[in-house]
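Student: I would like to go through this model with you and ask, term by term, what each description rests on.

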Amino acid sequence: MIGAAAQVVLIGVGSPFLVGLMRQVRARLEGRAGAGIAQPMRDLRKLLRKEPIAPHGTGWLFRAAPLVLAATALVVAAVGPFATTDSPLDPAADLFAVTALLALGTVALALGGLDTGTAFGGMGASREMTVMALVEPTILLAVFALSIRVGSTNLGQIAASVAEDPLSVVSPVSLLAAVALIIVTVAETGRIPVDNPATHLELTMIHEAMVLEYAGPDLALIEWASAMRLTVLLGLFAGLFTPWGITLALPLALAVFALKVAVLGALLAAAEVFMAKLRLFRVPELLAGSFLLALLAVAASFFLERA
């Protein structure tokens, strides 16, 4: 239980700093000074001090969406194999349960956008559902391909298996699954080239269109939850393919986890500098490609298991 609580605290407190680190890396590579890695935390504090405002005509769906989004991210942070697999919550860290929790948060936010009754909210929700319809099956297939060798869909058991035999990740199955997971992580967190969190252009917005009507503490909760979802997805990638340190003492394992996520976040931010956002109608083609890679990973896993 201590390990699960430590993971929640680390991800909850550290996720805004991860966003700040990624913005700082982008700023430095673009020749700007940047606002510092603590700027997202200062933004959250400023939003929390503002008066909560809800658009006229919105109901409980609008108010509940930020809470559901944050709650699902916290539960995934508690059950995921990020710094330890020795947790009483480990049996709950099933592939299907974690994917369902991520999907629940996305659907809640989309319903909150629809509840506003605005054109932007409906447009963003529609685009988000299109992306989710391709992202969630890809996550399921990619991790399922890794689970075939282990014989279990429990994420902790998959990570522990790789930690015992690190060379097992050097295989076509892992390569295909890793590429598919990288693409869907970018899509799920609304990063370039699928979405651009720094823009509010009507033709390109996906995630930002759904949250335009939120303000004050509700917006702070959404921004915090989005940062946690980015952290847990990068942590899940690190836990499944490079679970080094997961068997160490808890303080050291937490430090190794934070370092791995920071490196992955910095690499993602650096890659964004050299990429342009895809046109909206090309996004389903990219996600369909990632789904095909995940499907090939499952097929390759079955063939290699029989060989």
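**Helices, packing and voids**

Tutor: Let us begin with the lining of the largest cavity, where α7 gives the largest share, 4 residues. Please keep in mind throughout that this is a predicted model.

Student: Which residues line the largest cavity, and what is its volume?

Tutor: The largest cavity has a volume of about 70 Å³, and its lining consists of Ile 139, Leu 181, Val 184, Thr 185, Glu 188, Leu 233, Leu 236 and Phe 237.

Student: Why are α7 and α9 called roughly antiparallel?

Tutor: Their axes come within 10 Å and cross at roughly 175°. Angles over 145 degrees count as roughly antiparallel, and therefore α7 is described as roughly antiparallel to α9.

Student: Which residues make the contact between α7 and α9?

Tutor: From α7 the contact takes Ser 174, Ala 177, Ala 178, Leu 181, Ile 182, Thr 185 and Glu 188, and from α9 it takes Arg 229, Leu 233, Leu 234, Phe 237, Leu 240 and Phe 241. By class, these residues divide into 9 nonpolar, 2 polar and 2 charged.

Student: How do you know that α1 and α9 are roughly perpendicular?

Tutor: α1 and α9 pack at an angle of about 90°, with their axes 8 Å apart. The range from 65 to 115 degrees counts as roughly perpendicular, so that is the description given to α1 and α9. On the α1 side the residues include Ile 11, Leu 18 and Met 22, and on the α9 side they include Trp 224, Met 228 and Leu 234. The contact of α1 with α9 has 11 nonpolar, 3 polar and no charged residues.

Student: What is the volume of the largest pocket, and which residues are the closest to its centre?

Tutor: About 1,100 Å³ of space lies in the largest pocket, and of the 48 residues that line it, Val 19, Arg 23, Pro 197, Glu 208 and Glu 223 are the closest to its centre.

Student: How many charged residues does the lining of the second largest pocket have?

Tutor: None: that lining has 12 nonpolar, 1 polar and no charged residues. The second largest pocket has a volume of about 240 Å³, and of its 13 lining residues, Ile 182, Val 186, Leu 234, Leu 264 and Leu 268 lie nearest its centre. Two or more residues of this lining come from each of α7, α9 and α10 (250–273).

Student: Why is the protein chain described as compact?

Tutor: The secondary structure of the protein chain comes to 11 helices and 0 strands. The radius of gyration of the protein chain is 19 Å, close to the 19 Å that the globule rule gives for 307 residues, and so the chain is as compact as a globular protein of that length.

Key: Residues numbered from 1 in each chain as written. Predicted model: local features only at pLDDT ≥ 70, side-chain atom pairs only at ≥ 80, totals over all residues. Heavy atoms only, no water. 1 Å grid on protein atoms, 1.4 Å probe; cavity = no way out; pocket = protein on both sides within 12 Å on 5 of 7 lines; lining within 4 Å. Points joined across faces, edges and corners; volume = space filled by probe spheres on them. Nonpolar A, V, L, I, M, F, W, Y, C, P; charged D, E, K, R; others polar. Axes fitted to C-alpha atoms, helices over the stretch in contact; angles between N-to-C directions. Parallel < 35°, antiparallel > 145°, perpendicular 65-115°, else oblique. Contact = heavy atoms within 4.5 Å. Rg over C-alpha atoms; globule rule 2.2 N^0.38 Å.
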